[in-house]
Amino acid sequence: MADQQQQGGVSMEKIVSLCRRRGFVFPSSEIYGGFAATYDFGPLGFLLKKNIEKVWRAWNVESRDDMVEIEGAIFMHPKVWEASGHVGGFSDLLVEDLVTHKRYRADHLIEDAKILENAGALKVEEVDTIIKEHNLKSPDGNPLSPAKRFNLLVKTHLGPVEDEASVVYLKGESCQNIYVDWKPVLETTHRKLPFGIAQIGKAFRNEITVKNFIFRTREFEQMDVQYFCKPDEADQWYEYWKKNRQDFYTQAMGFSPDDIKWRQHDPDERAFYAKDAWDVQYKFGEIGFQEVEGVHHRGNYDLTQHQKFSGTDLSYFDEASGERFLPYIIECSGGFNRLFLASMFEFYREDGDRKILGFPPKLAPYKAAVFPLLRNKEDLVKKAREVYEGLHKKFMVAWDDRGNIGKRYYSQDEIGTPYCITIDFDTLEKGDVTVRDRDTAAQERVKIEDLEAFIAKKLE
Ligand code: GAP
């Protein structure tokens with residue numbers, strides 16, 4: 001990828017190492033040597049992910065009265081994927097190193113060689129010509145095979161017999177449940193256009209190459225908003241949703257506007273369903289600006305296809321005009337794993353040998369950590385446990401009594417805990433504690449009975 005050149009900024013290696021060391025993300029099946037770009041979210045990663053989900057849901061669903069949310073199954077009728085166009089047209093161009101037989105995405109090799117900036121729309125013959133004219137070689141310096149199409153759908157069989165009739169596909173894009181459920185959602189919620197259906201769900205793609213940690217994997221999650229509207233209002237809603245996504249990243253997630261960029265797809269680069277398509281890109285440290293979300297004007301492509309293949313009338317009756325039509329859909333499809341990774345890059349900083357994840361309190365896995373000043377003083381430990389247990393009922397709070405206070409601060413900074421609460425000898429006499437702020441390192445005394453309100457206020 002042309003953008004994936006060294007551009008300065010935090011290195012991926014640092015993020016990967018922090019994720020493993022502190023339990024945000026582990027290679028899956030690590031005790032077996034790991035398994036090809038599959039990852040598990042560890043205890044802290046799980047908490048961060050749930051907090052990102054809360055922010056996404058608050059912004060996209062709970063704060064709006066024109067949105068409902070569903071949770072669809074991973075297995076769907078195989079015809080869904082024929083209707084959607086994925087069985088026929090969801091493919092990348094593959095080339096093979098003729099010596100090592102390693103396989104590569106042709107567009108990535110062309111972009112990495114800086115022949116073109118966006119090679120995603122090239123046809124088989126165009127790739128073959130470029131390989132020839134530029135004498136393009138594999139990353140190992142060997143000749144490449146002619147290009148061929150490679151379908152990305154992950155296929156499996158359901159049931160006891162493995163034949164053609166039992167073939168099913170894992171969801172190539174999570175949103176298909178939303179189109180297929182459009183009719184029952186409409187019937188059960190009695191909504192009027194415009195309104196949206198949101199969903200967070202798994203997607204699976206047999207990516208030819210997987211790289212950059214959790215950026216591109218074969219199993220991932222998508223966070224979708226599919227907004228259904230009248231055809232003649234679709235362009236205006238498309239503009240609305242582009243603005244909304246910019247605000248989501250900068251206001252709801254707290255990312256710097258400098259780290260967000262937009263890229264419009266060329267007409268021949270768009271996915272088969274899109275009338276217009278923009279990528280929201282995030283600056284992933286040294287690898288540069290990369291797609292984190294797709295905002296697509298899907299027209300009535302999906303409902304037309306599902307109506308045709310299912311034989312079910314999916315039209316909407318507009319009482320005001322007395323017209324019946326298939327709504328248009330504006331799609332905002334974000335990658336959850338990429339949003340997670342972007343959050344790690346966005347809030348990571350170093351101050352000397354201190355590593356800090358400066359998460360806003362609402363994203364931080366732990367909202368506070370509680371320490372006894374000394375671990376061998378029974379009365380301090382007893383009081384600190386009381387404080388910890390009181391707060392733990394309300395918030396995710398960490399307990400730490402290892403090493404000295406300085407080390408505990410460093411350790412909490414590295415996982416993004418915004419407040420460290422120390423119980424010391426004064427606490428026993430006066431009933432107050434020291435609260436140290438991660439970002440300013442300033443310390444203040446707070447009464448034990450005021451701690452809950454203190455933390456709650458920071459989470460607002
Ligand atoms: N329903 C539309 C759709 O799937 P997409 O642009 O192919 O559009 C949406 O995917 C988002 O899903 C992307 O912007 C990206 O964040 C995420 N995504 C796509 N492929 C991915 C992969 N292999 N690994 C991780 N995230 C991926």
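Helices (H or I, at least four residues) and strands (E, at least two) are DSSP runs, numbered from the N terminus. With that in hand, welcome to a chain whose secondary structure comes to 15 helices and 23 strands. The model is predicted, so local features need pLDDT of at least 70 and side-chain atom pairs count only at pLDDT 80 or more, while totals for chains, interfaces and linings use all residues. Residues are numbered from 1 along each chain as its sequence is written, and side-chain values use heavy atoms, with hydrogens and water left out.

**The chain as a whole**

- The C-alpha trace spans about 75 × 65 × 50 Å along its principal axes.
- Of the 460 residues, 52% count as buried, where buried means under 20% relative accessible area, exposed means over 50%, and partly exposed lies in between (1.4 Å probe, protein chains only).
- Contact means heavy atoms within 4.5 Å. Among contacts between residues at least 6 apart in sequence, 66% join residues at least 24 apart.

- The predictor's confidence in each residue is called pLDDT and runs from 0 to 100. Its mean over the chain is 95, and 98% of the residues reach 70 or more.
- Residues 1-6 have pLDDT under 50, and the model gives them 21 contacts beyond four places in sequence.
- Where pLDDT is low, the predicted coordinates should not be read in detail.

- An α-helix has 3.6 residues a turn, so residues three or four places apart point the same way.
- Helix 6 (residues 124-133) has Val127, Ile130 and Ile131 as buried residues. Their arc around the axis is only 100 degrees, which puts them on the same side of helix 6; such an arc is that of the directions from the helix axis to the C-beta atoms.
- Strand 4 (91-96) and helix 5 (106-112) are what the buried residues of helix 6 pack against.
- On the face of helix 6 turned away from its buried side, you will find the exposed residues Glu125, Lys132 and Glu133.
- After helix 6 comes Asn135, with a positive phi near 50 degrees.
- In helix 10 (residues 301-310), the buried residues are Asp302, Leu303, Gln305 and His306. Seen down the axis, they fall within an arc of 160 degrees, so they line one face of helix 10.
- The cover over the buried residues of helix 10 includes helix 3 (78-83), helix 7 (176-180), helix 8, strand 10, strand 13 (289-299) and strand 16 (328-335).
- Gly311 follows helix 10 and has a positive phi near 75 degrees.

**Helices crossing helix 11**

- Two packed helices are described by the angle between their axes and the distance between the axes. Here, axes are lines fitted to C-alpha atoms, for helices over the stretch in contact, and angles run from 0 to 180 degrees between N-to-C directions.
- Helix 1 (residues 12-22) and helix 11 (residues 336-347) have axes that come within 11 Å and cross at roughly 105 degrees. The two are therefore roughly perpendicular to each other. (Angles under 35 degrees count as roughly parallel, over 145 as roughly antiparallel, 65 to 115 as roughly perpendicular and the rest as oblique.)
- Met12, Ile15, Leu18 and Cys19 of helix 1 meet Leu341, Met344 and Phe345 of helix 11.
- By class, this contact of helix 1 with helix 11 has seven nonpolar, no polar and no charged residues. (Ala, Val, Leu, Ile, Met, Phe, Trp, Tyr, Cys and Pro count as nonpolar, Asp, Glu, Lys and Arg as charged, and the others, Gly among them, as polar.)
- Helix 2 (residues 43-62) packs on helix 11 at an angle of about 105 degrees, with the axes 11 Å apart. That makes helix 2 roughly perpendicular to helix 11.
- From helix 2, the contact uses Gly45, Leu48, Lys49, Ile52 and Glu53, and from helix 11 Phe336, Leu339, Phe340, Ser343 and Met344.
- The contact of helix 2 with helix 11 has six nonpolar, two polar and two charged residues.

**Residues in loops**

- The peptide bond from Leu193 to Pro194 is cis, with omega near -5 degrees. Pro194 sits in the loop between helix 8 (182-189) and strand 9 (195-204).
- Asn212 lies in the loop between strand 9 and strand 10 (219-229). Although not a glycine, Asn212 has a positive phi of about 60 degrees, and at 19% relative accessibility it counts as buried.
- Ala441, in the loop between strand 22 (432-437) and strand 23 (443-447), is partly exposed, with a relative accessible area of 38%.
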